[in-house]
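Hello,

Here is the model you asked about. My notes follow below it.

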Amino acid sequence: MNRIILAYCHQNAELAETVEQQLSRIGIPFEPISDRPGETPGSFSSRLAGAEDPVVLFITDNLLKSRDCMEGTLAAIQLLQRRQRVLAVVADGRISKDGGLTYEAVETHFDRMVYALQYMNYWQTAWLELSSRHQHAEGEAREKLETELNATRNIANEIGELISLLREKRCPMVLCNQTF
C-alpha cells in the first residue's frame, strides 16, 4: 500500500485534516480528493473512481447535498467496492449561518428511512426548482441550467440506491459520532 486517499466534500476539509494528523504516525502518506468550487459535476467522482489506492470516503450531510460531489459518485463507490478499496466513514457535516465565521454540526443520518428520505426529497426538490428555472431561461443561461438540470436529475435518480448501498453495508462503513 503506497498511500491512502481521503475523499471528502470541501466543506469537511477540517475533518479530513484532523484524521490525517491523527493517523500520520502510521507512516503511510495520505492524498486528499475533494470537490473544487467551479469544476464540472462529475470531476470528484472521476478522481474517486480512478483511485488505485484504498479510499476513506467521508459521508457527510455536506457531501450528500453537494452536486459537485454526488454526480457519478454511486458508480465510483460501486467500482471501489468491487475492488475492495473503499471504507465509508459517516460523520457529521457542518453549516455556517454567518458566512463562515462559525459553524454548527449537522448530523448525517440515513440509517432509518425517515432520514434517508430527507436526501431523496432534497434532490427531487432541487430538480423541480431547476426545471422551473430552465423552462423560463433563454440562451446561454438556459444551456447552463440544462447541464445543472441533467446532473441534478441523475443524482435524484441515484441517491436512493446510494443510500441503500450504504445502509445495507455492502461497502465497509464506520460511524464517527465525533464532530471535528
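Ala91 is buried, at 3% relative accessibility. Here buried means under 20% relative accessible area, exposed means over 50%, and partly exposed lies in between, using a 1.4 Å probe and protein chains only. This is a predicted model: local features need pLDDT of at least 70, side-chain atom pairs count only at pLDDT 80 or more, and totals for chains, interfaces and linings use all residues. Residues are numbered from 1 along each chain as its sequence is written, and side-chain values use heavy atoms, with hydrogens and water left out.

Where does Ala91 lie? It is in the loop between strand S4 (86-90) and strand S5 (93-95). Helices (H or I, at least four residues) and strands (E, at least two) are DSSP runs, numbered from the N terminus. Not counting residues up to four places away in sequence, Ala91 touches Leu15, Ile59, Thr60, Asp61, Thr108 and Cys176. Contact means heavy atoms within 4.5 Å. Take Thr108: 17 residues separate it from Ala91 in sequence, yet their C-alpha atoms are 6.3 Å apart in space.

**Nonpolar cores**

A nonpolar core is a set of buried Ala, Val, Leu, Ile, Met, Phe, Trp, Tyr and Cys residues joined through side-chain atoms within 4.5 Å. The largest one has 33 residues. Leu57, Ile59, Leu63 and Leu64 have the most contacts inside it. Helix H7 supplies the largest share of this core, seven residues. Ile59 is in contact with Leu64, Ala88, Val89, Val90, Ala91, Thr108, Phe110 and Leu166, leaving aside neighbours within four places in sequence. Another core lies apart from the largest one. It has 12 residues, among them Ile4, Leu6, Phe30 and Ala91.

**Helix H7**

H7 covers residues 139-167. For the 29 residues of H7 that gives 42 Å, and the end C-alpha atoms are 42 Å apart, so the two agree. There is still a kink of about 40° in H7, centred on Glu158. The bend at a residue is the angle between axes fitted to the seven residues ending there and the seven starting there. After H7 comes Lys169, with a positive phi near 55°.

**Salt bridges**

How many salt bridges does the structure hold? There are nine. A salt bridge is a side-chain nitrogen of Lys or Arg within 4 Å of a carboxyl oxygen of Asp or Glu. These include the following:

- Glu148 and Arg67 meet through their side chains, at 3.4 Å, N to O. This pair links distant parts of the chain: Glu148 is in helix H7 and Arg67 in helix H4 (residues 67-70), 81 residues apart. Glu148 is buried, at 17% relative accessibility. Arg67 is partly exposed, at 24%.
- Glu39 and Arg36 meet at 3.8 Å, N to O. Glu39 is buried, with a relative accessible area of 16%. Arg36 is partly exposed, at 48%.
- Glu104 pairs with Lys97, with their closest N and O atoms 3.8 Å apart. Glu104 is partly exposed, at 42%. Lys97 is exposed, at 65%.
- Arg3, Glu31 and Asp53 are linked in a network of salt bridges.

**His10**

His10 sits in the loop between strand S1 (4-8) and helix H1 (13-23). It is partly exposed, with a relative accessible area of 35%. His10 touches Ser34, Asp35 and Pro37, not counting residues up to four places away in sequence. Arg36 is 26 residues from His10 in sequence, with the C-alpha atoms 6.9 Å apart in space.

**Cysteines**

A disulfide is a covalent bond between the sulfur atoms of two cysteines. The cut-off used here is a pair of cysteine sulfur atoms within 2.5 Å. The structure holds zero disulfides. Cys9 is in no disulfide; its nearest cysteine sulfur is that of Cys69, 4.0 Å away. Cys69 is likewise in no disulfide, and its nearest cysteine sulfur is that of Cys9. Are these two buried or exposed? Cys9 is buried, at 0% relative accessible area. Cys69 is also buried, at 0%.

Best wishes

Methods:
The expected span of a helix is 1.5 Å times one less than its number of residues.
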